[in-house]
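Dear colleague,

Please find below the structure that I am handing over to you. My notes on selected local features follow it.

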Amino acid sequence: VILGDLAHSRAGDKGTIVNVSVIAFDPNDYAWLESVVTAARMQQHLDGIADGDVVRYTLPSVAALNFVFARKPGQSVTRTLELDAHGKTLSSIVLAMPLPER
Amino acid sequence: MNTLRIGCGAGYAGDRIEPAVELAREGGLDYLVFECLAERTIAMAQLAHLRDNAAGYDVMLGDRLRAVLPAAVERGTGVITNMGAANPQAATDEVIRIARDLGLARRVATVTGDNVMSYVKAHPTLATDDGRTVGELSERLVSANAYIGAAAIVEALSGGAHVVITGRVADPALFLAPLIHRFGWSEDDWSLLGAGTLAGHLLECAGQVTGGYFADTRRKHVEDLARLGFPLAEVREDGHVVITKVAGSGGRVTAATCKEQLLYEIQDPADYRTPDVVADFSRVSVEEIGSDRVAVRGASGHPRPDQLKVSLGYMDGFIGEGQISYAGPGAVARGRLAIDIVRERLTLAGVPTHELQADLIGVDSLFGRADVHRPEPFEVRVRVAARTATLADARRVGNEVETLYTNGPAGGGGATKSAREVLAIASTFVPRHAVTTAVTFEDVA
């Protein structure tokens, strides 16, 4: 089971900061996702991509988590050498996160 | 209770035009808003303005307004847009010409004052978001625009404007302004301003809330994306918001599409800062109340920030890039060999690159981590990009990829190359008193 089986996601950018939402398809899965998809777990999953700490915000009213992190220094959309300058594809690697047995 | 219908006719400078026409004709709109200024767009417009005094506003403004004005006039729909970019007055001049051509009587308002270049240059110790100071950018700085709030647009609407042209304005403020104007919301009613900001935030990327940027063949089906309908919000005087679209248009408005857009480009959902209010989206809920109708509730707000964010455009050297494809058995290995050759060539040729990135598109171009085992693709595309100080050096990067045709691994094909000057963006903050807005009116009888 991967995160994309239970949730959908969209990435956005502001300067060098990226946010990636994780939204439960079924709100009944939210509590479990909140317990297993922690900031630390996401930071481990994004090793080599996120620079520094991954911060998580919880939005139980919409069954969603919001992960916020910096990209590597200097990698803002307007000057990066990256093919995906915005970091919009990050939602896809977040959804590829393997989930533990429930 | 009074309800205002506000549509979004564009979510970025190059967006589709037909959905805006559909909204203008069939949306029953009070206001149609076009949000066309990304972070860098206004800096590029400022460069165009420096080269040509009549340029510097959105090049698609004419096409968009010619397309929607007849229906907007017929239905009494006001138009609000930041397509003025770095030269709102020249944009207004074009709107006036178009209105005359079409024989439409209009009052057009121009909002100026977001350009804070002289203030910023006079305050070199201002800190930027990337850890520098404005002084360090000095000679390379090409634009400085403050994100202004809704007040100047409200002034324009109160003065009877049918079309309002602005430069840099906080995106949600384009939508908040007609709500303040029509409902008389107080400038310190933070809950209502938070609710109006939420409506603006959901609308501002146009198709991104109506099923665009959402479809996934695995599980998220969206019909008719080629005819995607753009959104409109029905906002009540008490701040209640319903997101919907024109019946029969493509796409869909569901709880899920609204949730994705709710969190788009949001960091702390309880602390969404705009010039008008610090909005709190942390307790928002969404509910499907009909087909393609979603009610959004629970936004609130706190007092507005004391400072205004300023977007700084500056020249940041050059980027040269080259690409070439390899296919079949051993494609990945030949791609890696090609990259090694280009790196060595740039060193041998003494091309100074401040930073170089080499990718195999199809393998590691999006997330890196080349050490992770992945299934071998049948084709890969080599991409080498490097930052240089001169355009000549940037061109060498692409050339060294292109010469792989006759000097590199077997079977390379489809080489392309490019070199461009980089216009980068940083941001800083200035006190409100540093920004003085002005509104002027012109009439076409």
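B:Ala206 lies in the loop between α9 (190-203) and β7 (231-236) of chain B; helices (H or I, at least four residues) and strands (E, at least two) are DSSP runs, numbered from the N terminus. The model is a predicted one, so local features need pLDDT of at least 70 and side-chain atom pairs count only at pLDDT 80 or more, while totals for chains, interfaces and linings use all residues. Residues are numbered from 1 along each chain as its sequence is written, chains are lettered from A and ligands numbered from 1 in the order in which they are written, and side-chain values use heavy atoms, with hydrogens and water left out.

Most residues other than glycine have a negative phi. B:Ala206, although not a glycine, has a positive phi of about 50°. With a relative accessible area of 0%, B:Ala206 is buried (buried means under 20% relative accessible area, exposed over 50%, and partly exposed in between, with a 1.4 Å probe and protein chains only).

B:Asp224 is placed in the loop between α9 and β7 of chain B, and has a positive phi of about 60° without being a glycine. Its side chain meets that of B:Arg227 in a salt bridge of 3.5 Å, N to O; the term denotes a side-chain nitrogen of Lys or Arg within 4 Å of a carboxyl oxygen of Asp or Glu. B:Asp224 counts as partly exposed because its relative accessibility is 38%, and B:Arg227 counts as partly exposed at 41%.

B:Gln208 lies in the loop between α9 and β7 of chain B and, at 12% relative accessibility, counts as buried. Which residues does B:Gln208 contact, leaving aside its neighbours within four places in sequence? They are A:Arg10, A:Lys88, B:Tyr213, B:Thr257, B:Gln261 and B:Tyr264, where contact means heavy atoms within 4.5 Å.

**Salt bridges**

A search of the whole structure finds 27 salt bridges over all chains. One of them joins the side chains of B:Lys245 and B:Asp292 at 3.8 Å, N to O. This pair links distant parts of the chain, 47 residues apart: B:Lys245 is in strand β8 (residues 241-245) of chain B, and B:Asp292 is in the loop between β11 (285-290) and β12 (293-297) of chain B. B:Lys245 counts as buried at 7% relative accessibility, whereas B:Asp292 is partly exposed at 22%.

B:Arg387 forms a salt bridge with B:Asp316, with 3.9 Å between the closest N and O atoms. B:Arg387 belongs to strand β16 (residues 379-388) of chain B and B:Asp316 to strand β14 (residues 307-327) of chain B, 71 residues apart. Both B:Arg387 and B:Asp316 are buried. Salt bridges with shared partners join A:Arg79, B:Arg140, B:Asp316, B:Glu355 and B:Arg387 into one network.

**Helices α7 and α8 of chain B**

The axes of helix α7 (residues 151-158) of chain B and helix α8 (residues 171-183) of chain B come within 8 Å and cross at roughly 45°. Here, axes are lines fitted to C-alpha atoms, for helices over the stretch in contact, and angles run from 0 to 180 degrees between N-to-C directions. α7(B) and α8(B) are therefore oblique to each other, since angles under 35 degrees count as roughly parallel, over 145 as roughly antiparallel, 65 to 115 as roughly perpendicular and the rest as oblique. The contact involves B:Ile153, B:Val154, B:Leu157 and B:Ser158 of α7(B), and B:Ala173, B:Leu174, B:Ala177, B:Pro178, B:Ile180 and B:His181 of α8(B).

Yours sincerely
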